[in-house]
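Subject: Structure handover, aromatic pairs

Hello,

Could you look through them with the model open?

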Amino acid sequence: MFRRIGSAVVRHPVWTIVAWLIAAVAIVATAPSLPSNSDESSFLPKSYESIKAADLQAKAFPSAFTPSAIALYQRTDGGKLTAEDTKDVARFATELGGKHIDQVQKVVPGQPSKDGRYDLILVQMDSKKAGQPVQADAAKVLRDDVKQLAKGTNLEVKLGGSAAQALDQQDSSKRGEALIGVGTFVIILVTLLIIFRAPILAFLPLVLIGVVSAIANGLIAYATKLFGLQANSSVSSILIVVLFGVGTDYFLFLMFRYRERLRAGDEPKEAMVNAVGRVGEAIASAAGAVIIAFLALVLSTLGFLKQMGPALAIAVSVTLIAGLTLIPAVVSLIGPKVFWPSKSWQQEPSNARFAALGRGVQRRPGLTAMVSGLVLVVLSLGTLGFHATFDLASGSMPKTKESMVVQDQMQKAYSAGAAAPTDVYLSSTDGKPLDTSAFGAYARKLGAVDGVANARMAQVNKAGTTADFTVTLKYEASTDKAIESVGRVRDVAHAGAPEGTEALVGGMSSIYKDIDSAVNHDYRTVFPVAALLIMVILGLLLRSVVAPWYLIASVGLGFGSTLGATVWIFQEAQHKPGLMFMLPVIMYLFVVAIGTDYNILMIARLREEAREGREPREAAGMALRHAGPTVAAAGFILAATFATMMLAGNSLLTEMGFAVSFGIAVAAFVMAMFFTPSLTALIGHAAWWPGHADRAEPAAIPGQAGGDATSSAGEDRNAPAGRRG
């Protein structure tokens with residue numbers, strides 16, 4: 001099949017390229033804009049308690065005051081506020097409310113801090129638009145206005161709150177995307193120049209993947225709108241890396257084999273047909289594993305991951321099609337000139353380094369498997385210390401951003417939980433008015449919970465059927481202690497609810513508590529489903545029941561070692577309280593799915609060598625000798641590309657960039673290079689049970705579909721180029 005695809009593309013390269021350009025123009029011109037949402041609650045399904053509480057609040061207290069923005073005032077000299085300063089803040093609140101800024105529903109003065117150094121203005125916005133770009137725009141206007149009003153006084157002001165965080169997150173994402181884009185471009189360009197010493201070949205994947213990126217983004221926008229998915233600003237940054245990283249991988253897989261066929265003496269166009277025929281199955285299987293792993297994210301309960309899964313699957317699907325059609329078409333038009341001015345493509349180098357590594361695996365597969373496996377196991381021990389953090393806002397932007405400064409200052413000046421209090425909604429189950437005489441005792445029960453600073457009955461709805469108890473925690477909403485505390489509040493709220501009533505606990509800490517439960521659900525669901533589906537892909541590719549088990553086990557070890565190393569770097573060495581909550585899910589899918597690419601490429605080459613009649617150990621050594629350079633180049637570029645995410649300047653992308661790049665390096669340079677081939681050599685022919693995929697095939701007839709006249713693995717590699725093929 002893949003040979004037929006290659007033959008069709010090479011025969012009609014111009015039409016193939018024209019079709020891609022027409023598709024790009026049509027999709028980009030008509031695609032809708034990609035929406036974005038930074039409201040954490042929107043990522044949870046309606047069945048969770050925190051979301052039920054939010055819905056109840058909207059019905060029972062439609063005019064309830066929930067600040068979306070907080071203006072924090074202090075004196076320019078850092079001293080205590082004077083009476084005149086307090087009057088100024090009150091005046092600012094009145095004038096700000098009179099400006100009728102879009103999205104702003106109410107502006108009220110807050111309470112001074114206990115130390116008398118800070119005062120607040122609280123701004124309520126339309127709760128239905130929470131987390132959407134329109135509120136970030138409103139925060140930008142607010143920020144300018146509050147600073148303008150403070151001019152000429154002894155006060156300075158900073159704007160925080162969820163709307164301001166959305167604005168800062170938006171700005172941070174744009175800067176991060178620019179840095180990631182530039183870093184990715186430079187890394188791919190420089191690395192390809194070093195490998196091939198050919199400027200055309202270095203720029204070509206960047207141009208082609210740019211076209212693929214435009215098409216993929218358009219299709220993702222269509223899918224997002226069609227299926228009503230949630231989008232998040234971090235998705236765009238990840239897409240850049242996935243498209244260029246994976247696209248370059250597939251480009252390298254093809255170009256290394258194309259060069260090999262040219263060296264074997266194939267005519268240029270036939271070399272491309274043979275290259276697609278030989279490596280197409282490995283590319284398709286590798287892409288299939290990645291796509292299936294990403295699609296497994298639709299089983300997630302978090303909207304953020306539900307959006308990311310299909311988006312990345314679409315990106316990889318388009319990249320796969322380009323790898324089998326667009327890239328061969330363009331390269332076949334250019335021909336061997338694509339390697340200009342280098343002459344190295346005309347003769348095979350000695351590959352002494354990889355040949356030596358191959359001989360080492362061939363002679364001592366047991367020792368190689370033990371050492372590489374031990375490295376993975378030792379690194380995996382770090383997973384025992386993993387802790388999750390749930391503050392997506394502060395995790396996705398630097399601490400120096402204004403909204404983050406406000407959050408930190410409020411935690412010090414006020415009760416840490418004051419900025420995001422917890423609400424307990426007590427409702428009658430029979431529709432009758434609540435017994436108000438029980439409110440005092442109920443509030444005291446809530447206030448006595450470990451981790452609660454204070455609790456009070458705040459308001460009752462007009463019908464008297466629902467009461468709102470405001471519970472202020474001692475800890476900032478996203479901390480582990482706050483999440484543990486809100487769990488205890490839930491227990492007491494439910495158990496202590498008077499007869500004929502039921503309680504729902506809402507607020508940000510309650511949302512984070514539910515996100516924690518959702519992530520744990522994803523660990524139990526997404527992980528095994530993705531692993532099972534990848535094993536099916538491997539089984540179909542290798543026609544084996546045995547090999548997929550140890551291949552997926554090795555990739556699982558790669559995941560464990562990656563998470564362990566990330567824990568040691570960020571939690572232990574940098575003393576961070578934890579890693580972002582979605583990191584293990586994302587890392588698992590990237591490391592398992594993309595890491596499987598290199599295992600697939602290596603095991604497919606090993607099978608190819610074995611089919612030439614080589615024994616398992618010799619086949620493993622030869623596979624490392626000839627596929628090693630491809631895996632090393634692809635692994636380095638992809639790891640370095642993901643590492644550019646660390647340039648974004650926020651903890652989420654920094655942790656993600658390190659973890660995924662480290663995981664890919666482990667997959668390429670430990671698993672695919674040593675662990676997988678050495679295990680396969682040790683297991684021998686049994687690795688291919690119940691089939692005989694490693695047995696020598698009858699000699700192929702030249703010109704027939706299904707293979708080259710001679711296998712690329714079975715050529716006399718020391719023969720002159722003109723005598724091969």
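F527 is buried, with a relative accessible area of 13%. The model is a predicted one, and residue numbers run from 1 along each chain as its sequence is written.

F527 has an aromatic partner in Y523: the two rings are tilted, at 5.4 Å centre to centre and with 45° between the planes. Both residues sit in helix α18 (residues 508-542), four residues apart, which is about one turn of the helix. Y523 has a relative accessibility of 23% and counts as partly exposed, because buried requires a value under 20%.

The aromatic pairs in the model number 12. Another of them joins F196 and F256, again in a tilted arrangement, with 5.5 Å from centre to centre and 50° between the planes.

Are F196 and F256 buried or exposed? F196 is buried, at 1% relative accessible area. F256 is buried as well, at 11% relative accessibility.

F196 and F256 also belong to one aromatic cluster, together with Y258 and F339. When you go through the model, the places to look at are this cluster of F196, F256, Y258 and F339, and the Y523 and F527 pair in helix α18.

Regards

How values were computed:
Predicted model: local features only at pLDDT ≥ 70, side-chain atom pairs only at ≥ 80, totals over all residues. Heavy atoms only, no water. Phe/Tyr/Trp six-rings, centres within 6.5 Å; stacked < 30°, edge-to-face > 60°. Buried < 20%, exposed > 50% of the residue type's maximum accessible area, 1.4 Å probe, protein only. Helix = DSSP H or I, 4+ residues; strand = E, 2+ residues; numbered from the N terminus.
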